[in-house]
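Welcome! Take a moment to look over the sequence and the 3D structure below. Then we can walk through some of the contacts together.

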Amino acid sequence: MTSNNERRYPSERKNKRENTRDFGLVGKGGGFIPTGDANAMPEGREQGKRGSQGKRLVLRTLVPLLVLAALLGGGFVWWTQFRPVQVTVNGTLQSVTVGTTIDQLKSDEDIQTSPGNYVSVSGNILAEGGGYPYSVSVNDKDMDYDDARTYKVAGGERITVSDGGDRTEPYTTETVNQPPKLLMDGNVGAINYISQWGSTTVKDVLTGQESGEQVDGTVYEQGQDCVVTVKDVQPSDDQKLVALTFDDGPSEYTSQYLQILQDKGVKATFFCLGKEVDARPDEAKAIVDAGCQICSHSYDHPDLRYAEPQTVVDELTSSFSSIENATGEKTTTFRPPYGSFTQRTWLATQGVATAAVRWDIDTEDWKQPGVDQIVSAACSNVHSGSIILMHDGGGPRDQDVEALPQIIDTLQSQGYTFVTISELLASDDSIPDDVASCNSTMPESVVWPDEIG
């Protein structure tokens with residue numbers, strides 16, 4: 001029989017049966033155990049079939065790619081390491097493997113080279129054959145040996161392998177400031193003057209670690225040595241010029257000399273002692289007022305060759321100051337006592353003097369040999385540019401006073417013109433104007449030498 005409920009609700013009963021069947025599909029009998037994950041669904045046969053086909057497709061695609069990659073990789077290795085290339089070695093075209101080294105080329109082609117020597121920093125041989133085994137140029141450009149050893153042929157190069165160069169010992173490098181040296185240009189002449197002032201050289205000095213030798217390296221500032229030129233004056237344009245000079249004054253004879261010179265229309269140069277200028281400033285001033293020239297003969301006449309360096313400087317600067325104070329004239333030109341002034345003495349001056357004036361005609365009047373002898377000595381062997389030595393002080397000069405007019409008349413009759421030392425120096429085109437002025441000073445930028453060159 002059918003209940004009233006069943007009759008009343010047939011659809012509910014149907015649904016209940018269907019639901020019962022559905023629950024059976026997801027139970028243990030259906031082969032699926034629920035996990036609580038709403039997304040976990042059993043894989044159907046169709047889905048499994050499609051997964052297997054996908055794996056086989058990936059394998060079929062991947063294998064050829066792997067094979068291709070292996071082939072390409074092998075080709076790359078061959079291309080970079082084993083392919084043949086052509087190079088020109090010592091003028092001959094050769095086929096070699098790319099990447100071949102110079103050592104291999106040398107061995108394969110049996111290229112014979114002689115090694116260089118192992119040398120000091122100055123080039124002296126320390127060990128024969130101890131240098132580089134070969135030298136190399138690539139495409140006509142020389143290559144450092146260390147670079148040549150690691151060089152590998154790329155193809156197309158022109159390579160020259162030849163005898164090795166010398167290898168220099170290890171050395172240290174020090175940057176130094178080298179002061180100038182004092183050089184003498186010429187050995188004989190009445191005039192000494194500074195023709196070139198000195199300056200410092202900044203450079204590297206290399207010292208060999210084995211030999212101990214030293215050589216110059218890179219020069220950063222090129223300085224120059226101080227040069228003193230020694231020469232006789234040579235007036236240009238065939239001028240017949242001669243200079244009268246008087247030492248050791250001023251003295252009681254100075255005014256007599258000046259009067260004679262004025263009467264004859266002649267100028268001369270007086271090399272005065274500083275102590276005598278201090279004692280007779282009026283006579284010193286009179287020399288300048290007469291149109292003559294005044295220069296130093298030191299302060300009190302020592303032999304400067306044997307003086308201490310500071311004494312040399314003091315003797316010169318003191319006499320220069322005495323002259324300027326008495327006359328207003330500045331001078332840096334002097335006559336060394338006894339005419340003795342060596343390279344060492346020049347070094348001692350510290351640049352306070354610019355010119356030293358000796359003579360080439362000595363009257364020997366200091367011996368008081370007689371008027372005629374003084375005149376003869378003064379006028380014999382005179383040539384254009386001559387400097388005649390006489391004396392103003394240092395003893396009786398009566399013979400000189402009597403001889404002076406005769407000397408002037410004799411030389412004028414021979415066509416000579418009397419000039420001061422400045423005028424005589426200016427007549428020589430090789431002597432700079434500042435030297436001829438007799439009052440130039442050492443420039444501030446100059447470095448004075450501390451040794452003889």
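## A salt bridge to start with

A salt bridge joins the side chains of Arg-158 and Asp-140, with 2.9 Å from N to O. Arg-158 belongs to strand β7 (residues 158-163), while Asp-140 sits in the loop between β5 (134-138) and β6 (141-143), so this pair ties together parts that are 18 residues apart in sequence. Keep in mind that you are looking at a predicted model.

How accessible are the two partners? Arg-158 has a relative accessible area of 42%, which makes it partly exposed. Asp-140 has a relative accessible area of 61% and is exposed.

Leu-93 is part of strand β2 (residues 92-97). With a relative accessible area of 52%, Leu-93 is exposed. Leaving aside residues up to four places away in sequence, Leu-93 touches Gln-86, Val-87 and Thr-88.

## The chain as a whole

Let's step back for a moment. The protein chain has 14 helices and 22 strands. Of its 453 residues, 39% are buried. Among contacts with a separation of 6 or more, 71% are between residues 24 or more positions apart.

How many salt bridges does the structure hold? There are 11 of them. Some salt bridges join up into a network, which links Glu-252, Arg-280 and Glu-283.

Now look for Lys-231 and Asp-428, whose side chains meet in a salt bridge at 2.7 Å, N to O. Lys-231 is found in strand β14 (residues 226-231) and Asp-428 in the loop between α13 (421-426) and α14 (433-436), so the pair ties together parts that are 197 residues apart in sequence.

Another salt bridge pairs the side chains of Lys-264 and Asp-409, at 2.9 Å from N to O. Here, too, distant parts of the chain are linked: Lys-264 is in helix α6 (residues 254-264) and Asp-409 is in helix α12, 145 residues apart. Lys-264 counts as partly exposed, at 31% relative accessibility. Asp-409 also counts as partly exposed, at 38%.

## Helix α6 beside helix α12

Two packed helices are described by the angle between their axes and the distance between the axes. For α6 and α12, the angle is about 25° and the axes are 10 Å apart. Angles under 35 degrees count as roughly parallel, and α6 and α12 are therefore roughly parallel to each other. Their crossing is right-handed.

Which residues make this contact? From α6 come Gln-256, Tyr-257, Ile-260, Leu-261 and Lys-264, and from α12 come Asp-400, Val-401, Leu-404, Pro-405, Ile-408, Asp-409 and Gln-412. Sorted by type, the residues of the α6 contact with α12 are 7 nonpolar, 2 polar and 3 charged.

## Helix α11 beside helix α12

Helix α12 (residues 398-413) also packs with helix α11 (residues 371-379), at an angle of about 40° and with the axes 9 Å apart. α11 and α12 are therefore oblique to each other. α11 passes α12 in a right-handed crossing.

On the α11 side, Val-371, Ile-374, Val-375, Ala-378 and Cys-379 take part. They meet Gln-399, Asp-400, Glu-402, Ala-403, Gln-406, Ile-407, Thr-410 and Leu-411 in α12. The residues of this contact divide into 8 nonpolar, 3 polar and 2 charged.

## What lies around α11

Which residues of α11 are buried? They are Val-371, Ile-374, Val-375, Ala-377, Ala-378 and Cys-379. These buried residues pack against β20 (361-362), β21 (386-391) and α12.

Asn-381 follows α11, and its phi is positive, near 65°.

Conventions: Residues are numbered from 1 along each chain as its sequence is written. This is a predicted model: local features need pLDDT of at least 70, side-chain atom pairs count only at pLDDT 80 or more; totals for chains, interfaces and linings use all residues. Side-chain values use heavy atoms; hydrogens and water are left out. Axes are lines fitted to C-alpha atoms, for helices over the stretch in contact, and angles run from 0 to 180 degrees between N-to-C directions. Helices (H or I, at least four residues) and strands (E, at least two) are DSSP runs, numbered from the N terminus. Angles under 35 degrees count as roughly parallel, over 145 as roughly antiparallel, 65 to 115 as roughly perpendicular and the rest as oblique. A crossing is left-handed if the near helix is turned anticlockwise from the far one by less than a right angle, and right-handed if clockwise. Contact means heavy atoms within 4.5 Å. Ala, Val, Leu, Ile, Met, Phe, Trp, Tyr, Cys and Pro count as nonpolar, Asp, Glu, Lys and Arg as charged, and the others, Gly among them, as polar. A salt bridge is a side-chain nitrogen of Lys or Arg within 4 Å of a carboxyl oxygen of Asp or Glu. Buried means under 20% relative accessible area, exposed over 50%, partly exposed in between (1.4 Å probe, protein chains only).
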